[in-house]
Amino acid sequence: MGAVLTARGLAKRYGEVPVFDGISLDLAPGEIVALLGESGSGKSTLLNCLAGLDEADAGSITLAGRDLRAMDDEGRSALRRQSLGFIFQAFHLLPHLSVANNVALPLRLLGQRDDGRVAQMLEAVNLAALSGRMPRQLSGGQLQRVAIARALVHRPRLVLADEPTGNLDARHAAEVLALLRRCTQEAGAACLLVTHSDVAAQSADRRLRLDADGLHVA
Ligand SMILES: Nc1ncnc2c1ncn2[C@@H]1O[C@H](COP(=O)(O)OP(=O)(O)OP(=O)(O)O)[C@@H](O)[C@H]1O
């Protein structure tokens with residue numbers, strides 16, 4: 001099987017200020033790669049560009065065999081819905097939907113309904129008992145685990161995770177890392193994991209560091 005994600009020569013600047021340049025990356029099916037780097041080095045920006053949520057200024061991105069930058073907005077959105085799970089730093093749960101309905105959302109957007117799969121994901125992040133709650137009734141760590149269940153529910157080929165264990169204690173962090181591992185293996189997915197945590201970085205198959213000179217093996 002070919003790479004899940006291939007990026008070549010990605011560059012991004014905000015106005016006159018370059019964030020990164022010449023970034024190339026391959027993610028293989030089943031692998032988890034940690035993306036390290038100082039605060040402000042551009043990790044979140046790179047994730048957003050790989051997801052097609054932000055536009056790179058140069059370079060190419062191939063996701064699940066499709067050239068992302070050659071597609072129109074509609075095609076990119078459809079590919080994203082199908083193939084991408086994004087765990088945002090700020091969770092981005094929908095406040096008017098219950099926990100279970102937030103987790104079910106990626107399936108609904110694909111025209112699917114699978115209550116068993118939603119229950120399975122809530123079980124996996126230890127939130128089965130809270131499935132009927134609204135996001136405002138949850139702690140930061142619980143919100144983060146809902147966001148993780150939602151990102152994985154539709155078995156995406158690519159999981160982009162921005163500090164998915166940032167708000168979690170050691171036990172819940174370990175559970176989330178194990179869940180990411182299980183889901184990437186089951187779906188033949190790849191995961192790019194932005195983290196400042198040594199435990200999370202060590203749980204990855206390999207580590208890359210983003211700095212002013214580009215992306216390096218760490
Ligand atoms: N919309 C924007 N306009 C201008 N500059 C931006 C914008 N978004 C990010 N930046 C700048 O781009 C750089 C990279 O930001 P980014 O959030 O990608 O860093 P990061 O490595 O994810 O940081 P952290 O580890 O703190 O989350 C920073 O210097 C930031 O100030």
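**Burial, packing and backbone geometry in a predicted protein model**

Glu163 is buried, with 20 other C-beta atoms within 10 Å; a residue counts as buried if 20 or more other C-beta atoms lie within 10 Å of its own, as exposed if 12 or fewer do, and as partly exposed in between, with C-beta atoms placed from the backbone. Glu163 is located in the loop that runs between S7 and helix H6 (170–187). Although Glu163 is not a glycine, its phi is positive, at about 50°. Most residues other than glycine have a negative phi.

The structure is a predicted model, in which local features need pLDDT of at least 70 and side-chain atom pairs count only at pLDDT 80 or more, while totals for chains, interfaces and linings use all residues. Residues are numbered from 1 along each chain as its sequence is written.

The protein chain contains seven helices and ten strands, where helices (H or I, at least four residues) and strands (E, at least two) are DSSP runs, numbered from the N terminus. The radius of gyration of the protein chain is 17 Å, close to the 17 Å that the globule rule gives for 218 residues, so the chain is as compact as a globular protein of that length. This radius is taken over C-alpha atoms, and the globule rule is 2.2 Å times the number of residues to the power 0.38. The C-alpha trace spans about 45 × 35 × 35 Å along its principal axes. Of the 218 residues in the protein chain, 39% are buried. Among contacts between residues at least 6 apart in sequence, 70% join residues at least 24 apart; two residues are in contact if their C-beta atoms, placed from the backbone, lie within 7 Å.

In the UniProt record, an unreviewed entry, the annotation "domain: ABC transporter" covers residues 5–217. UniProt positions are given in the numbering used here, feature names are shortened, and annotations may be inferred rather than shown by experiment. Over residues 5–217, the chain is 36% helix and 27% strand, and the end C-alpha atoms are 17 Å apart.

Around the ligand lie Tyr14, Val19, Gly37, Ser39, Gly40, Ser41, Gly42, Lys43, Ser44 and Thr45, a residue being near a molecule if its C-beta atom, placed from the backbone, lies within 6 Å of it. This shell comprises two nonpolar, seven polar and one charged residue. In this classification, Ala, Val, Leu, Ile, Met, Phe, Trp, Tyr, Cys and Pro count as nonpolar, Asp, Glu, Lys and Arg as charged, and the others, Gly among them, as polar. Helix H1 (residues 43–50) supplies the largest share of the shell, three residues.

The largest nonpolar core has 63 residues, and those with the most contacts inside it are Val103, Ala149, Leu160 and Leu193. Such a core is a set of buried Ala, Val, Leu, Ile, Met, Phe, Trp, Tyr and Cys residues joined through C-beta atoms within 7 Å. Helix H5 (residues 140–152) gives the most to this core, with six residues. Beyond residues up to four places away in sequence, Ala149 touches Val103, Met121, Leu122, Ala124 and Val125. In helix H3 (residues 99–109), the residues Val99, Ala100, Asn102, Val103, Ala104 and Pro106 are buried. These buried residues of H3 pack against helix H4 (115–124) and H5. H3 is followed by Gly111, whose phi is positive, near 75°.

Arg145 belongs to helix H5 and is buried, with 28 other C-beta atoms within 10 Å. Not counting residues up to four places away in sequence, Arg145 touches Val125, Asn126, Leu127, His172 and Val176. Arg145 and Ala124 are 21 residues apart along the chain, and their C-alpha atoms are separated by 9.3 Å. Val159, in strand S7 (residues 158–162), is buried with 26 other C-beta atoms within 10 Å. With residues up to four places away in sequence left aside, Val159 touches Gly85, Ala151, Leu152, Leu180, Thr184, Ala189 and Cys191. From Val159 to Ser139 the separation is 20 residues in sequence and 23 Å in space, C-alpha to C-alpha.

Two further loop residues are partly exposed. Ala64, in the loop between strand S4 (58–63) and strand S5 (66–67), has 17 C-beta neighbours inside 10 Å and counts as partly exposed. Phi of Ala64 is positive, near 50°. Gly188, in the loop between H6 and strand S8 (190–194), has 13 C-beta neighbours inside 10 Å and also counts as partly exposed. Gly188 and Glu31 are 157 residues apart in sequence, and 8.3 Å separates them in space, C-alpha to C-alpha.
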